[in-house]
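Okay, thanks for coming, everyone.

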Amino acid sequence: MSMSKSEAAGISIRGISKVFGSAADQVRALDNVSLDIDHNEFFTLLGPSGCGKTTLLRLIAGFEQPTDGEILLDGAEIAHLPPFQRPVNTVFQSYALFPHMTVARNIAFGLEMQGMSPANVKARVTEMLGLVQLGGLEARRPAQLSGGQQQRVALARALANQPKVLLLDEPLSALDLKLRKEMQIELKRLQLESGITFVFVTHDQEEALTMSDRVAVMSQGHILQVGPPAEIYEHPRHRFVADFIGEINLLEATAAAPDGGRVRFRLGGAQTLVAHAAAGTPPAGRVNLAIRPERASLESPGKDGLAGAVESIVYIGADTVYRVALAEGAGLFTVRVQNRTGAHRAYATGDAVAVVVPPEAIQVLSD
């Protein structure tokens, strides 16, 4: 494809707020949101329904106007521009293909509306078919394609006029699980090969972790944390982020003052955990701890860990998930163990166990 990285867009969101409704029943969908999206980045807005992610996408597209704030594209203010004057295209949940047109005509339609010559249209359509790996299907109509193929046609049509930014509003939600996973890989490939900035909206944590260069986790009109997928998963800063991204054990504890580079947390009774004291470790007092299930292990009673008993066991193929009722009312703890032959001892429901948590696996949350 002919686009170079120097031509890609950079998006700056500055103090954006969006209020719907009248004074009596206002809904603040976005509240003073600021965000930078880098050139040629696969950036994901992640959060539950109603968090504001789609509203932010629609503001970038021009389908909504901000109540306050600025939207800059390559340093130029675009909030006042109508959608058709922005170098931005959008792919929606419904692919909105023209059912009476062939694949080639669907891709060519926007180019023809721009006045591109027939020869250049034909060359661009061929290029797009190659990019989305649909060569040989140009004469088919949408009804003759699978869901994944229709998705690729919609992507090819959106990429054909070489936008600076491609906005994707949960475009994989209508696909079955296997096809959705395949399309996750395809979307990342398309972004890398096209050099275009992708802004992807989803409520699916796995999609966000699989495809993104960076993720913004949103809740109630605010952005709580922005970072690479590994950082968001391994080092959540907020209780909401930790709970929303994957499985997590959230424990209330009382922290003692750091001692010799370590800090001890009391969960209840004599149950304690020890973590490394790091910059930002809160002072002594009540805290919330986050521990991923795969970072803990089960050992025989008496080991240096949290005492408890196996409450339930769920086999899920690659892993076995143990639910442990901790002693002394310290709560429930989930341990996820990979199913490798001889890698771990199999426990039964009711067995007494020790949940062992390495110090580096403990995250102290800010709220």
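This is a predicted model: local features need pLDDT of at least 70, side-chain atom pairs count only at pLDDT 80 or more; totals for chains, interfaces and linings use all residues.

Residues are numbered from 1 along each chain as its sequence is written, and side-chain values use heavy atoms, with hydrogens and water left out.

When I say strand, I mean a DSSP run of E with at least two residues, and a helix is a run of H or I with at least four, both numbered from the N terminus. Two strands pair if DSSP finds at least two bridges between them.

Back to F265, then. β12 covers residues 262-268 and pairs with β13, residues 271-276, in the antiparallel sense over six bridges. Their hairpin has two residues between the strands, and G269 there takes a positive phi near 60°.

Now go the other way. β11, residues 249-255, runs antiparallel to β12, with two bridges joining them. F265 turns up again here, as the bridge partner of A255. This hairpin has six residues between its strands, and G260 in the turn has a positive phi of about 60°.

Next, which strand holds S12? That's β1, residues 11-20. And is S12 buried or exposed? It's buried, at a relative accessible area of 16%; buried means under 20%, exposed over 50%, and partly exposed in between, with a 1.4 Å probe and protein chains only. The S12 side chain makes a polar contact of 3.0 Å with the side chain of D36. For that term, think of a pair of N or O atoms within 3.5 Å; within protein, one must be able to donate a hydrogen and the other to accept it, and residues adjacent in sequence count only if both atoms are side-chain atoms. Leaving out residues up to four places away in sequence, S12 touches L35, D36, E70, I71 and L72, where contact means heavy atoms within 4.5 Å.

Zooming out, the protein chain has eight helices and 20 strands. Its C-alpha trace spans about 80 × 50 × 40 Å along the principal axes. Of the 367 residues, 47% are buried. And for contacts with a separation of 6 or more, 65% come from residues 24 or more positions apart.
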